[in-house]
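Trainee: I would like to learn how to read a model like this one. Where do we start?

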Amino acid sequence: MTKLEIIEKALTELSGEERALLRAHLDELDEQAFDDKIERDAKSGKLDELSAKAAADYKAGLTEEL
């Protein structure tokens, strides 16, 4: 049995409350992974062009308040 199969079987045995806690935990993991990727991209310069364009658009009055 693979790890995934073991996990899938265990998931069927969780209570509703346990599934909700698992969902919350998985959401946190996804959010942290997203934050980590943004940080890596920012440090590597991948976002520099977007940042410069956003700043230029703001200075040119091409933005609006959300």
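Mentor: Start with burial. Buried residues make up 2% of the 66 residues in the chain. Buried means under 20% relative accessible area, exposed means over 50%, and partly exposed lies in between (1.4 Å probe, protein chains only).

Trainee: What should I know about the model and the numbering?

Mentor: This is a predicted model: local features need pLDDT of at least 70, side-chain atom pairs count only at pLDDT 80 or more, and totals for chains, interfaces and linings use all residues. Residues are numbered from 1 along each chain as its sequence is written, and side-chain values use heavy atoms, with hydrogens and water left out.

Trainee: What is the secondary structure of the chain?

Mentor: Helices (H or I, at least four residues) and strands (E, at least two) are DSSP runs, numbered from the N terminus. Here the chain has 3 helices and 0 strands. From the N terminus the order is α-α-α.

Trainee: What radius of gyration does the chain have?

Mentor: The radius is taken over C-alpha atoms, and the globule rule is 2.2 Å times the number of residues to the power 0.38. For 66 residues, a compact globule would come near 11 Å, but this chain has 21 Å. Along the principal axes, the C-alpha atoms fill a box of roughly 60 × 30 × 15 Å.

Trainee: What span does helix H2 reach?

Mentor: The expected span is 1.5 Å times one less than the number of residues. H2 covers residues 16-44, 29 residues in number, and reaches 42 Å from its first C-alpha to its last, close to the expected 42 Å. Just after H2, Gly-45 takes a positive phi of about 90°.

Trainee: Is Asp-41 buried or exposed?

Mentor: Asp-41 lies in H2. Asp-41 counts as buried because its relative accessibility is 12%. For contacts, look for heavy atoms within 4.5 Å. Leaving out residues up to four places away in sequence, Asp-41 touches Lys-46 and Leu-47.

Trainee: How many residues of H3 are buried?

Mentor: The count is 0 among its 12 residues, so H3 is hardly covered. H3 runs over residues 48-59 and reaches 16 Å, close to the 16 Å expected. Gly-61 follows H3, with a positive phi near 75°. Ser-51 lies in H3. At 48% relative accessibility, Ser-51 is partly exposed.

Trainee: How far apart are the mean positions of the positive and negative charges?

Mentor: Lys and Arg count as positive, Asp and Glu as negative; His and the chain ends are not counted. Each charge is placed at NZ of Lys, CZ of Arg, CG of Asp or CD of Glu. The mean positions of the 10 positive and 18 negative charges are 5 Å apart.
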